[in-house]
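Let us learn to read a few features of a protein model. Have the sequence and the 3D view at hand.

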Amino acid sequence: MKWIGNVLRGFAMGSADVVPGVSGGTMAFVLGIYEDLVAATRRLTDVEFLTRLRRFELRGALEYVDWRLLVSVGAGIALAVLTLAPFLEWALENEPALLWSFFFGLVLASIWVVGRRVPSWNTSKAGLVVVGAALAWIVVGLVPVSTPDAAWFVLLSGSLAICAMMLPGISGAFILVLLGKYETALSAVNERDLLTLLLLASGAGLGLLVFARFLNWLLARFHDATVAVLLGLMAGSLRKIWPWKETLTTRLDHHGDLVAVLEHNVAPALDNATLIAIAVALAGLVAVFLLARLESRGSSL
């Protein structure tokens, strides 16, 4: 049952990561597996793990890195990317306000849930929240750039995106948007472009191994301060996922479709569409609180 639960947690993370602006790290935090995931990933570069591999002690090596957690969560993420990418691509094009509303409610509730995990608050921790929020606010406001399609840059894009994916509030998918490779990645998934997928996955693997060690070090030595910064990143990301936007500039993508480049957040009109969007946001908010309650009760999943 625990394995199934971790697959579902991975599915929730993957669902969030497909949408540019929402972080799978946020879902990992809410679902209570964030620090375990970071620690397990960090062990992949430990001397002990590499020594056991060199000696062909495969069983001991797998147990050392908690392979059950990594495989089950990874399977859930892969399943979400493969199954939900077409639907989310359609939703982003046809019902963006409803999609953003759901994730806005989800992240808003997540800020409260994660904030409760810091045992005591003071002025310095609150200041770190502000720093994290300012950083995310600036990053998500950046304009996507035109970048090369060379294999080395696709590899680099995968590496940078996975680092962002591990940070609650900064979406790996959004980093791909900034680097001009989100459409490339989404098309590769939908069209089963194995070469592009391999390059992205290889870059992600390298970035994951390096960044996980650094993040695990921060959590081990400066736990509450690190969580405060991560909480700020989540708060700052709300700028990107505000459901109501006005498009200022557009461009043609590689399919010849018109896509937004620069958008401005606006106040919603008071109509039925807005009321529906608010209801969807509330559904996302309630979903997070229900998930957090299940975790606090020690659900067998």
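This is a predicted model: local features need pLDDT of at least 70, side-chain atom pairs count only at pLDDT 80 or more; totals for chains, interfaces and linings use all residues.

Q: Where is serine 101?
A: Helices are DSSP runs (H or I, at least four residues), numbered from the N terminus. Serine 101 lies in helix H7, residues 96-115.

Q: Why does serine 101 count as buried?
A: Buried means under 20% relative accessible area, exposed over 50%, and partly exposed in between (1.4 Å probe, protein chains only). Serine 101 is buried because its relative accessible area is 1%.

Q: Which residues does serine 101 contact, beyond its neighbours within four places in sequence?
A: Contact means heavy atoms within 4.5 Å. Serine 101 touches Pro243, Ala277, Val280 and Ala281.

Q: Is phenylalanine 289 buried, partly exposed or exposed?
A: Phenylalanine 289 has 36% relative accessibility, so it counts as partly exposed. Phenylalanine 289 sits in helix H15, residues 272-296. Leaving aside neighbours within four places in sequence, phenylalanine 289 contacts Ala109, Trp112 and Val113.

Q: How far apart are phenylalanine 289 and leucine 106?
A: In sequence, 183 residues separate them; in space, the C-alpha to C-alpha distance is 9.0 Å.

Q: Is glutamate 93 buried or exposed?
A: Glutamate 93 counts as exposed because its relative accessibility is 64%. Glutamate 93 belongs to helix H6, residues 67-94.

Conventions: Residues are numbered from 1 along each chain as its sequence is written. Side-chain values use heavy atoms; hydrogens and water are left out. Helices (H or I, at least four residues) and strands (E, at least two) are DSSP runs, numbered from the N terminus.
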